[in-house]
Amino acid sequence: MSSKIDNVKLELTALLSKNPPDFGKILSLSNELAKLDPDHQRFFVDAKTLIHLGRDSIKDHSTALLELVKNSYDADAKNVDIEIFSITTDSIRVADNGFGMTEDELKNNWLRIGFSEKRQQKKSKLGRRKTGEKGIGRISTDRLGSQLEIRTKSKDSELTGIKLNWDDFDVEGKNISDIRVQLFKPDSISLPKLLGEDAKTGTEILISKQRQPWSKNNIENLYQELSALTPPFEDVVDFDISLINDIQPTISEKIDTNYLNAAEIEIEAYYDGKGSEIVYTYWDKYNKKEIIEKIDWQNLISKSNLKDSHDLSDSLRCGPVTLKLYFFLRESASVRDMDFNLSSLREFLDNNAGIKVYRDKIVVKPYGFPSSQFGYDWLELADRKAKDPAGLSRAENYRVTPNQLVGGVFITRDSNVELADSAAREGLVESEAFYDLRSLTLGSINMLESYRTKLIPKIKSSKAGTKKSSTETQTDKLIKALSNIEQDLDDINSDIQDSKDIDVDTKIKVQKNITNLSRTTSKVEKTITDLLNWNRTLSGLATIGISSAVFGHETEGSITQFKGSVSTAKLLLKRKEPNIEKALSELDKAIRYSKRVAAWGAYALTRVQREKRNKKNTNIKRTIESVVNELKPAFSAASISIDSILKNMFSNTYQMDIETILINLLTNSYTAATQKSGDRKIVITLSFKDKKKSKKSIIEGYMITVSDSGPGVSKEFSHRVFEPLFSTKLNPSKGSKSIGTGLGLTVVSSIVRDLKGEISFDQDPILKGARFKVWLPIEKKK
């Protein structure tokens, strides 16, 4: 008997040392020990323990709600409805059409903290591997709100339910068994429909008096987490989640897995948990057949340069793993022949970029979530890319950009026993097995990068096939086509007039129609020219608006100072003994401030003058100097110096276009320079720069560069700077809220393209900020 008592005591001691403790087993063993040993006293659990397990230990309300959805998954639900109303009714509803609970299961299982039948029955009737085994996920309802009502219906029982107030447990010195939980018979239950019909079984959870209000950002993050709860690239087609809320009502659509078809490369890695061999299968858009490659674990970590990351073993300690990676190009070629556009693809990537971990087809937070404080870049891909930003042309140093990668690491609870949950119910314990899993994932990304560099010849060939053979714009082609049509009509008319087989009346009719058509083509050409001039005017006006938004503070300050100086001068003159000297000094100040405002007004008015819209022989150097002189007062007020290194040159071009390009680039540099402390500086250069068209042909041109001492263009935004409405100008007082229009560089890019030029950017080697380079061809006046 004593040995049995000792064994129970040892088991009880072990349970008490676990975090979190299994209270169900502790109470059961305490009862058993009381029977075996009359001198033994059982444990009592303080009611407040539930508060620590639920409200205090679960990170946030999103994590708590995900726990309830996972319970619905374990209950074989096909559909889950989530309703969050913070503004109207202060309530949360989670309903599923799973197998529900009987009254006995509700009393003996759900109300028994620490109990989980999932430890004995690890798979559901549908074959799903159940996600939770600690038996405390139900307490997550306390994290969401104080009032809880559960209604449930199973196949073999009537509708039943419980009501409780979690705040009743938030008291000192009360035993958990002393708190009353009300069992009741609900009148009705509202469950998601199953195959279009009312569900016969399921559970409805109603929570009120919410602990924490939901913000729009919370709802967006929750939607992303719910969307990724089951992987978008796996066969989990029988579990749908709908989210309704009154905070951000526009969020309602599901992730469309068709986006995966736009991937340039797909890789699947498989490790069977035995030995050290990993099998890689590759698919890409350039080869018809899949490619299979095997690599040893030690070779992988050596090739991936991971030896110093942690104490790596000869074989993987994480157990069997399947890994899927999808690599995307965020460009228009990716969506050709797809049923969605580039904006939709980029939105999908922005919401789903990252490598997530899935256990039994259910996501494990926080790995791979953009909204997670530390989970998004658990592989440190952004730092990796920043340290070595080489492009594809430098194959040995090429690194993928994180926002081009979507993937999943697949493990199971039964096969990967070393990958255990952390005590906080978010993430895995960072054991040796976890680091092996992380290294395998990084090694697989390295394999993807190596594979992509091998595709360089095919990628270049593909791009060359779609590249335009001519630098002609669509407008040039249209005008050229109209000229050809007019020439053809003249030739046809000559043949008809010379023909002896055509009567005179027909010749007159043809002559008349061809003359009318010729006039029409002339009108079309004139209309196109007028439209181009109108577009040029609109670009100029847009530039005025953009620069006004940036320099508006300076103008507003000058107006305020002007008013202040005038008011002070009036007061000085109204005194019994007027102070004429001081009043004149204040009026002098007012005049200076008025000149600043007037200069800005003159600057704005001169931007769209008619003569600037005409193509003529333009002094590029003088045009740049004029713009710089007009803007210098605003830059000086912000302690920004502008240096110019300009060659004297002429080109037959539009003065307004050159000014618009320069003003937008200077506006960007102004904002950037104010974002860093120390010397604020901008440098403008103008130099001759010829380009090779072919081995025997050279295009004369010139280069305008604008460099600044700002922070430069972040690598993560480098592919988006020319996108319409995209801006990196942020308002520090409003967090990440943009204050830029997102139009400046789009306007510049459009003008440069129309002028048959090129635009690029990099880091200035001296100022260390951004350096924008615009190359334009020199046109001679005909």
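Two strands count as paired if DSSP finds at least two bridges between them. Keep that rule in hand for the first stops. The model on screen is predicted.

**The whole chain**

Start with everything shown as cartoon. The protein has 18 helices and 23 strands. It runs to 782 residues, and 47% of them count as buried. Now think about contacts between residues at least 6 apart in sequence: 70% of these join residues at least 24 apart. The accessible area comes to about 41,100 Å², with 50% of it belonging to carbon and sulfur atoms.

**Stop 1**

Show side chains and find Ile84. Which residue stands opposite Ile84 in strand 2? Ile92 does.

Next, follow the hairpin between these strands. There are 5 residues between strand 1 and strand 2. Click on Asp90, in this hairpin: its phi is positive, near 55 degrees.

**Stop 2**

Keep residues 91–96, strand 2, selected. Is this strand mostly covered or mostly open? Mostly covered: 5 of its 6 residues are buried. Zoom in on Val94, which stands opposite Ile205 in strand 6.

While the side chains are on, keep one rule in mind. In a regular strand, side chains alternate between the two faces of the sheet.

**Stop 2: a stacked aromatic pair**

Now color Phe, Tyr and Trp. A search of the whole structure finds 10 aromatic pairs. Go to Tyr358 and Phe410. Their ring centres are 5.5 Å apart and their planes meet at 15 degrees, so the pair is stacked. The cut-off for stacked is under 30 degrees. This pair links distant parts of the chain, 52 residues apart. Tyr358 sits in strand 12 (residues 354–359), and Phe410 in strand 14 (residues 405–411).

How accessible are the two residues? Tyr358 has 1% relative accessibility, so it counts as buried. Phe410 is buried as well, with a relative accessible area of 11%.

**Stop 3: a tilted aromatic pair**

Move on to Phe761 and Phe772. This pair is tilted, with 5.4 Å centre to centre and 35 degrees between the planes. Phe761 belongs to strand 22 (residues 758–763) and Phe772 to strand 23 (residues 770–777). The two residues are 11 apart in the chain.

Is Phe761 buried or partly exposed? Partly exposed, because its relative accessibility is 24%. Phe772 has a relative accessible area of 7%, so it is buried.

**Stop 4: an aromatic cluster**

Select Tyr367, Trp378, Phe434 and Tyr435. Together they form one aromatic cluster.

**Stop 5: a nonpolar patch**

Turn the surface back on. Select Leu573, Ile580, Leu584 and Leu587, which make a nonpolar surface patch of about 330 Å². Which helix supplies the largest share of this patch? Helix 15 (residues 580–606) does, with 3 residues. Finish on Leu587, which is found in helix 15. Leu587 has 33% relative accessibility, so it counts as partly exposed. Patch residues need over 30% relative accessible area.

Notes
Residues numbered from 1 in each chain as written. Predicted model: local features only at pLDDT ≥ 70, side-chain atom pairs only at ≥ 80, totals over all residues. Heavy atoms only, no water. Buried < 20%, exposed > 50% of the residue type's maximum accessible area, 1.4 Å probe, protein only. Helix = DSSP H or I, 4+ residues; strand = E, 2+ residues; numbered from the N terminus. Patch = residues over 30% accessible without salt bridge, like charges linked within 9 Å, V, L, I, M, F, W, Y side chains within 5 Å. Areas by Shrake-Rupley, 256 points an atom, 1.4 Å probe, with all protein chains shown as cover. Salt bridge = Lys/Arg side-chain N within 4 Å of Asp/Glu carboxyl O. Contact = heavy atoms within 4.5 Å. Phe/Tyr/Trp six-rings, centres within 6.5 Å; stacked < 30°, edge-to-face > 60°.
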